[in-house]
Structure formats: structure tokens, C-alpha cells
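Please keep the sequence and the coordinates at hand while reading.

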Amino acid sequence: MKIEMKVTKLNILLTAISIGLIASIAFILIQPLFGMVTLTSRHASAYLNNGAYSETSALIVSWLVHVGVSIFYALLSTIIFNINHSILVSFGQVIVLGWLTTLAATPANEFVVKFITTEQFPALSSLSALNTEVGPKLWLHILFFAFVLAGVWLTRIKAFSKR
């Protein structure tokens, strides 16, 4: 039983990592279609201009941060899915997580950039307010979580077809 539980946890983690990695790349590829400069290029530019980073290291750090956050979001989605994978909960988590990440995106990105470039925790009062705008950022985040859940669903369907 313990081995089964470890395998299941490992499968959840590996699923989240692979889906999070793919979704992070898709996010950056799709972002310009929403009229935005890519998150990784904005971060890399900030690291280059405000920190002691070369162009290459700034780009690598920006991608590591982006992929890490995407994997965390994919892991959260995968855990929720494994607790309850009903259509209603899946739809709800796409909307709720899309909205929550949109709210936090602007101040969170500022926090990360300031932390990485100054190597100090920035004052929370120095960050932008939560983003309550219903617009491209929200639709992009909703699309990201829909993509993640589609990946989780496909993984589940594939696993059941092997049995």
C-alpha cells in the first residue's frame, strides 16, 4: 500500500511537471496573440536593466521563474483534479484559479523582479494594486488553466485506456 501511494504521488508530481512545462511554453507562445509582450522578455529586460545580469543569464532566470510558477500552478490544478475531477469542479477551478492568478499577477511579477534585481524583499507597499481588470490577462490565465486541465484529463484518459 505504501509503495502504491508513493507511485501515485510521484505520478501526480511528474504529470504536473510535464504539463506545467508544456503549458508554460504555450503561455509564452500565445501571449503575443493577446497583444502583450511576453512575460519572459519583460522579466529578462528588467533583470538586465536593473540587476547585474548578462543578457543570457537574465533570459535563463526569467524562464526558470516562469516555468517554476507554471509547474506550481499545474501541480495545484492536478491535486484539485485528483481530489474531485467532476466537470463542475474542473470548470470552477479554471475560472477561480484564472481569476486569482490574474489578480496577483502584476504585484507578484513586480515582487519577483524587485527581489531578483535587489536581492532583498521589496516592501509590499511598493507594489502595484491587485489587477481587477477583465481583459487579456484574465483570458490568458483562464486559457492557461484550461490547457493544464485538458492535459490532466488527457493523462487520465490515457492511463485508463492502458488498463
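## Surroundings of H43

Leaving aside residues up to four places away in sequence, H43 touches S62, N109, V112 and V113. The model examined here is predicted. H43 belongs to helix α2, which covers residues 39–50. With a relative accessible area of 5%, H43 is buried, because the limit for that class is under 20%.

## The largest nonpolar core

Apart from that core lies the largest one, which has 19 residues. Within the largest core, the residues touching the most other members are F27, V94, F144, F145, V148, L149 and V152. Four helices each supply at least two residues of this core: α1 (2–30), α3 (55–83), α4 (87–118) and α5 (136–161). The largest share, 8 residues, comes from α5. In general, nonpolar side chains of soluble globular proteins tend to be buried together.

Q93 lies in helix α4 and is buried, with a relative accessible area of 5%.

## Helix α3

Helix α3 has 29 residues and reaches 42 Å from its first C-alpha to its last, close to the 42 Å expected at 1.5 Å a residue.

Is L64 buried or exposed? L64 is exposed, since its relative accessible area of 60% lies over the 50% limit for that class. L64 and V112 are 48 residues apart in sequence, while their C-alpha atoms are 12 Å apart in space.

## Accessibility of selected residues

| Residue | Relative accessible area | Class |
|---|---|---|
| H43 | 5% | buried |
| Q93 | 5% | buried |
| L10 | 46% | partly exposed |
| L64 | 60% | exposed |

L10 lies in helix α1. Together with L13, L14 and I17, L10 makes a nonpolar surface patch of about 330 Å².

## The chain as a whole

The protein chain has 5 helices and 0 strands, and its pattern along the sequence reads α-α-α-α-α. The C-alpha trace spans about 55 × 35 × 30 Å along its principal axes. Of the 163 residues in the chain, 34% are buried.

Among contacts with a separation of 6 or more, 69% join residues 24 or more positions apart. The chain exposes about 10,000 Å², and carbon and sulfur atoms supply 73% of this area.

Methods:
Residues numbered from 1 in each chain as written. Predicted model: local features only at pLDDT ≥ 70, side-chain atom pairs only at ≥ 80, totals over all residues. Heavy atoms only, no water. Core = buried A, V, L, I, M, F, W, Y, C linked by side-chain atoms within 4.5 Å. Buried < 20%, exposed > 50% of the residue type's maximum accessible area, 1.4 Å probe, protein only. Contact = heavy atoms within 4.5 Å. Patch = residues over 30% accessible without salt bridge, like charges linked within 9 Å, V, L, I, M, F, W, Y side chains within 5 Å. Areas by Shrake-Rupley, 256 points an atom, 1.4 Å probe, with all protein chains shown as cover. Salt bridge = Lys/Arg side-chain N within 4 Å of Asp/Glu carboxyl O. Expected span 1.5 Å × (residues − 1).
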